[in-house]
Amino acid sequence: MYITLSKSMTSKVTWWHIGAIMLTNAVVVVAEFPASGYNIQPETPAPDFLSSPLNVTFRRGELAVLRCSVYNLGTKTVVWRRHEHSFPLTSGTMTVVADDRIQIGHVDFKNQWDLMIKNVQPEDEGVYECQVASTNRNIRRLVSLTVIDSKAEVMEITISGEQYVERGEPVTLHCNVTGQHYTPDEIDWFRNGEKVTSERHRGVKLLKQLSMAHKTFTSILSIDKATMKDSGVYVCRSSNMHIANTKVHVLSGKDTAETSNKKRGTYHDGYADEQVLSDQVKSSASTIRQATFAFICLCTLLMFTYCYK
């Protein structure tokens with residue numbers, strides 16, 4: 001009886017040890033092989049669009065550029081189409097329509113896939129769709145294109161009026177350009193036909209202000225201390241060739257009184273010459289009277305001297 005019980009206990013202990021050893025080996029094997037060893041791939045992030053303008057405006061004949069930047073594109077393809085049409089305009093870098101004005105602006109290893117339309121026309125106006133080709137058509141971005149006929153554009157340009165300043169005083173001129181649909185790209189200044197820049201003219205500053213809400217472009221020309229050479233006709237010209245002009249008078253010290261009278265409306269042409277002539281006549285008359293009086297006194301003195309000899 002004793003021998004039989006001992007053998008049974010020995011058998012149980014042996015199987016328990018074998019089971020523990022097998023479990024330990026399984027844990028070691030699993031620990032030595034990471035998840036990547038079982039071809040488990042991490043989930044690829046979905047393509048997404050980077051920020052870019054959704055409404056763009058160009059003038060007739062310009063190069064229209066519709067921006068589209070895609071992040072995490074991977075091996076997928078970017079397709080451009082007009083929103084109301086089903087057939088594409090471009091696929092990747094290829095143009096798939098018979099229009100040589102249309103092409104894709106793309107650089108290798110860049111996120112940009114811009115639709116470019118050369119010599120854009122009013123009939124090109126509309127909504128365009130930048131789409132990532134996939135089973136999910138929701139990966140898309142809509143860009144609205146507006147085309148303006150520049151000939152029909154009405155633009156107003158104004159400049160501050162004629163100015164009189166003393167030498168050494170500051171000069172400030174404002175040029176405002178207001179458009180119906182858009183503002184000009186640039187405003188240039190000229191003095192007596194020569195272009196004015198802050199780099200070439202010491203003491204001259206050019207400040208630009210743009211208001212998209214009011215479609216207004218303002219350029220401010222300022223001179224710290226005016227000199228006589230700063231006098232002249234100033235012209236401001238917008239990039240679409242609209243112009244306005246004014247005249248600046250820089251005065252020396254002797255001109256100040258005359259200019260003040262002119263500003264008050266009491267100055268008239270020829271007044272200064274008349275005043276000078278009158279002063280000269282008065283001075284001459286006084287000199288003649290003094291000479292005549294001296295001559296009479298001398299004659300009287302000579303007569304008394306002759307009589308008492």
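The legends below describe an overview and several close-up views of a predicted model.

Local features were taken at pLDDT of at least 70 and side-chain atom pairs at pLDDT 80 or more, while totals for chains, interfaces and linings use all residues. Residues are numbered from 1 along each chain as its sequence is written, and side-chain values use heavy atoms, with hydrogens and water left out.

**View 1. Overview of the protein, with three helices and 20 strands.** Helices (H or I, at least four residues) and strands (E, at least two) are DSSP runs numbered from the N terminus. Of the 309 residues, 29% count as buried; buried means under 20% relative accessible area, exposed over 50%, and partly exposed in between (1.4 Å probe, protein chains only). The accessible surface comes to about 21400 Å², and carbon and sulfur atoms hold 58% of that area. These areas come from the Shrake-Rupley method with a 1.4 Å probe, and for residues only the protein chains shown count as cover. Among contacts (heavy atoms within 4.5 Å) between residues at least 6 apart in sequence, 57% join residues at least 24 apart.

View 2

**View 3. The open three-stranded sheet, in the order β3-β9-β8.** Pairing in this sheet is antiparallel; two strands pair if DSSP finds at least two bridges between them. Strands β3 (64-66) and β8 (102-105) stand at the edges with a single partner strand each, so one side of each is left without a neighbour in the sheet. From one strand to the next the twist averages 25°, where axes are lines fitted to C-alpha atoms, for helices over the stretch in contact, and angles run from 0 to 180 degrees between N-to-C directions. Three bridges join β3 to β9 (residues 114-117), and V65 stands opposite M116 in β9.

**View 4. Strand β11 (residues 140-148) and its pairings with β2 and β10.** Strand β2 (residues 55-59) runs parallel to β11 and is joined to it by five bridges. V56 has L145 of β11 as its bridge partner. Strand β10 (residues 126-132) pairs with β11 in the antiparallel sense over six bridges. Here the bridge partner of V127 is S144 in β11.

**View 5. The disulfide of C68 and C130.** The structure holds two disulfides, a disulfide being a pair of cysteine sulfur atoms within 2.5 Å. In this one the sulfur atoms are 2.0 Å apart, and the link is left-handed, with -75° about the S-S bond. C68 lies in the loop between β3 and β4 and C130 in strand β10, so the pair ties together parts that are 62 residues apart in sequence. C68 is buried at a relative accessible area of 0%, and C130 is buried at 1%.

**View 6. The disulfide of C175 and C236.** The sulfur atoms are 2.1 Å apart. The torsion about the S-S bond is about 65°, so this disulfide is right-handed. C175 belongs to strand β14 (residues 171-179) and C236 to strand β19 (residues 232-238), distant parts of the chain 61 residues apart. C175 is buried, with 0% relative accessible area, and C236 likewise counts as buried at 0%. Counting bonded cysteines along the chain, the disulfides of the protein follow the pattern 1-2, 3-4.

**View 7. Positive phi at N72 and N119.** N72 is found in the loop between β4 (70-71) and β5 (78-82). Its phi is near 60°, a positive value in a residue other than glycine, and N72 is partly exposed at 28% relative accessible area. N119 lies in the loop between β9 and β10. The phi of N119 is about 50°, again positive although the residue is not a glycine, and N119 is partly exposed at 41%.

View 8. K247 is partly exposed, with a relative accessible area of 40%. Leaving aside neighbours within four places in sequence, K247 is in contact with E162, Q163, G232 and V233. The C-alpha atoms of K247 and Y164 are separated by 8.8 Å, although these residues are 83 apart along the chain.
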